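Good morning, and thank you for coming. I would like to take you through one structure; please have the sequence and the model in view.

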Amino acid sequence: MSVLQGVLHQVLSWAALCHILSVVGTGLCTVAVVWMVKLLVRHAWYTHKLSCFSKPHADSWLIGHLGQMKSTEEGLMQVDDLVQTYKHSCSWFLGPFYHLVRVFHPDYIKSLLMAPASITVKDDLIYAHLRPWLGQSLLISNGDEWSRRRRLLNPAFHFDALKTYVTMFNASANIMHNKWRRLVAEGRTNLEMFDHVTLMTLDSLLKCAFSYNSNCQESSSEYVSAIVELSDLIIDRRHKILHHWDWIYWRTHQGKRFKKALSVVHSFTREVIQKHRTLISQQIKSEFTTTPQRKKDFADIILTSKDEDGKGLTDEEIQAEANTFMFAGHDTTASAICWILYNLARHQHYQETCRQEVMDLMEGRDRHEIQWEDLSNLPFTTMCIRESLRLHSPVQAVTRKYTKDIALPGDCTVPKGTICLVSIYGTHHNPDVWTNPQELHRSEICPGRAASCCGVDTPQVSSEPRGEP
């Protein structure tokens, strides 16, 4: 016992504690120094390898363009300036952490998007922050796992499946229109369109994905509120470089909010999937009876989908795909619809032509609701939608990383490990690709017969892209 006490006395003495702390501190400092040296060597290597690309002015060789990339109107104006100056591509780096090639010309994009899936991976700058929410879903997975999921999800997006959703789209749109009429009757003269349209798209997706009537357009929904909050927090995290590290982010106020909203979303999806499994089992048992069979929704289809080995998705994988369907579908669709309405409001003669095209289609019908077959009979409206999508892309860019060097035109090479940011907005506003790219293209909306019907002349210079990725 006395020997043990002596050892403990020596270990717990101030001198011993100071020595232990000194060793630990020295070790931590050594690790930090080694990490920093490796980071700076990596930064120097990428800076050298990317010297074949033009580089916009950076704040310093170390900080680079950190803080310059914005998800605002100012950020889009910055993209316009980059496209005007560099025409097809430029390099960009966010401190010594992320090294990017920004690409905004079809000839350069084609080389990237045509690269084999075996050497293409999703990068951490954009997709890592989505993983806690969306898991290893189709949006985030790579290689063979991506290919398998794509095959299993294909039936959910077959025309026969999509046709059944049109009735739900009509129902959700009618709820929104009725709400607008009520608000106008109450004296409202201004409406924030994006908020209303976002709720409408979420309402539609919940009906299509889960056969779930949330009534979110008329009353609050904890699940819908959580999805909106998660979407906002993802954008906020992306622009705060220190929040890119999980061990920092989860200790912040935003990280705690994210976890709380994530719990709501995952609990809802898990419960819905379990209910669908039970319903499918009951339906299989009663398929030889006279019990009417309910229509399949997105969750039903992916629950019953099998690969070539007869294996389906696990509950965890199904939840990931359902969460992705909700995340990827609601915000982008709402943005697209709002910009279409904005552009039609700015060009009222086109708006009136679209309205007349729809009214002509509805003539003689008891109910004024669009059917699946009608979608191919609205050529002018379709052209207006496409031109609005060019002017205001719901998704501004996509990113990829490659495990091998990728050769681009002009003797440029993207070194492996570099993040390639394919700028959809920049490509659609590139003056080397489009004539007067910031303006609405009448030749896109009014080619041939349609041009004469709206009383405009087709420009002599075609606004068709000279190349497509």
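Which backbone oxygen does the side chain of Arg 390 reach? The side chain of Arg 390 comes to 3.0 Å from the backbone oxygen of Glu 439. I count this under polar contacts, that is, pairs of N or O atoms within 3.5 Å; within protein, one must be able to donate a hydrogen and the other to accept it, and residues adjacent in sequence count only if both atoms are side-chain atoms.

A word on the source. This is a predicted model, in which local features need pLDDT of at least 70 and side-chain atom pairs count only at pLDDT 80 or more, while totals for chains, interfaces and linings use all residues. Residues are numbered from 1 along each chain as its sequence is written, and side-chain values use heavy atoms, with hydrogens and water left out.

Arg 390 belongs to helix α16, residues 379-391. Helices (H or I, at least four residues) and strands (E, at least two) are DSSP runs, numbered from the N terminus. With a relative accessible area of 4%, Arg 390 is buried; buried means under 20%, exposed over 50%, and partly exposed in between, with a 1.4 Å probe and protein chains only.

Let me turn to strand β2, residues 98-103. Why is β2 described as largely enclosed by the rest of the structure? The reason is that 6 of its 6 residues are buried. On one side lie Tyr 98, Leu 100 and Arg 102; on the other lie His 99, Val 101 and Val 103. In a regular strand, side chains alternate between the two faces of the sheet.

As for its partners, β2 pairs with β1, residues 89-94, in the antiparallel sense over 6 bridges; pairing requires at least two bridges found by DSSP. Leu 94 stands opposite Tyr 98. The two strands form a hairpin with 3 residues between them, and Gly 95 in the turn has a positive phi of about 60 degrees. Strand β7, residues 419-423, runs parallel to β2 and is joined to it by 4 bridges. There, Val 422 is the bridge partner of Val 103.

Finally, the protein as a whole. Its secondary structure comes to 19 helices and 7 strands. Of its 469 residues, 41% count as buried. Among contacts (heavy atoms within 4.5 Å) between residues at least 6 apart in sequence, 67% join residues at least 24 apart.
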